[in-house]
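The structure is shown first, and the points follow by topic.

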Amino acid sequence: MTFTLLFLFFYLGTCWGSFLFLVYERTRLSLSIAFPSSHCDFCKNKLPYWSLFPIFSYQIGHHRCCFCGSVISAQSLRVEFLSGIIFLYCHQLFLENLFFAASLMLVSYLATEDLAIKRSNTSLLAIPAFFYTILNFDLTNFFALLCLLFFISNDFENTFFFSKFGQGDLEVILFFNLLFTFSLTVRAVFISSGLALFSMMIFKNRSVPFIPYLLTSFLIFVPK
Ligand SMILES: [Zn+2]
């Protein structure tokens, strides 16, 4: 593995992190993630293409908007860097199984929505789940797909069970169970529950978005 290729994975990760940061910021304000294009939050000027390169633009622009000089928060830089490190960690998965890697990217998008508004558009999971089942058809996968589609097409979010445990969380678990093995899913759910409980105790929160913990747990096992 050459340094150039590893750097490419890292930089792709920073681009994805930059996108996820935008998703987080706009979703929590109920704004579209597509329009308007990237702009300064203070003067609202559209950012030129040369200030859209993750990490580099932040350093070259001395952490300031090129129009009004407002200081740009380092939060986006931290998210971009973390995402770059995760892509670097998962680079073997990208090379060996692009479908699994893309599926984890999709779940990272749902995790970002969950972090922002504690809801996520899990119907997006139906597309990769459908193609995976077609390409790897057996009765177990078909049953898992049916369960997933049943939950996606019905809203039980306000029922007693799902008022504590989000329906979206179960849909992500079913999706991972379809893609990976049952034993790996059980281990990952066990670890993510532990991480979420630990976080609730430390930060004294009554509820936490669970999809980010699920994703973290699967990232521990899957790239191996
Ligand atoms: Zn500005």
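The model is predicted. Its protein chain is divided into domain 1 (1-89) and domain 2 (97-224).

**Domains and their contact**

- The C-alpha centres of domain 1 and domain 2 are 26 Å apart.
- Eight residues of domain 1 and 10 residues of domain 2 take part in the contact between them.
- On the side of domain 1 that touches domain 2, α1 (3-28) and α3 (75-89) each contribute at least two residues.
- The largest share of that side of domain 1 comes from α1, with six residues.
- Sorted by class, the side of domain 1 that touches domain 2 holds six nonpolar residues, one polar residue and one charged residue.

**Helix pair α6 and α7**

- Helix α6 (residues 126-135) and helix α7 (residues 139-152) have axes that come within 10 Å and cross at roughly 160°.
- Angles over 145 degrees count as roughly antiparallel, and α6 and α7 are therefore roughly antiparallel to each other.
- The crossing of α6 and α7 is left-handed.
- From α6, the contact is made by Ala126, Ala129, Phe130 and Thr133; from α7, by Asn141, Phe142, Leu145, Leu148, Leu149 and Ile152.
- The residues of this contact of α6 with α7 comprise eight nonpolar, two polar and no charged.

**Helix pair α9 and α11**

- The axes of helix α9 (residues 167-179) and helix α11 (residues 211-221) come within 10 Å, crossing at roughly 20°.
- Since angles under 35 degrees count as roughly parallel, this crossing makes α9 roughly parallel to α11.
- α9 and α11 cross in a right-handed sense.
- Gly168, Asp169, Val172, Ile173 and Phe176 of α9 make the contact with Ile211, Leu214 and Phe218 of α11.
- By class, the contact of α9 with α11 has six nonpolar residues, one polar residue and one charged residue.

Notes
Residues are numbered from 1 along each chain as its sequence is written. This is a predicted model: local features need pLDDT of at least 70, side-chain atom pairs count only at pLDDT 80 or more; totals for chains, interfaces and linings use all residues. Domain bounds come from an automatic or database domain assignment. Two residues are in contact if their C-beta atoms, placed from the backbone, lie within 7 Å. Helices (H or I, at least four residues) and strands (E, at least two) are DSSP runs, numbered from the N terminus. Ala, Val, Leu, Ile, Met, Phe, Trp, Tyr, Cys and Pro count as nonpolar, Asp, Glu, Lys and Arg as charged, and the others, Gly among them, as polar. Axes are lines fitted to C-alpha atoms, for helices over the stretch in contact, and angles run from 0 to 180 degrees between N-to-C directions. Angles under 35 degrees count as roughly parallel, over 145 as roughly antiparallel, 65 to 115 as roughly perpendicular and the rest as oblique. A crossing is left-handed if the near helix is turned anticlockwise from the far one by less than a right angle, and right-handed if clockwise.
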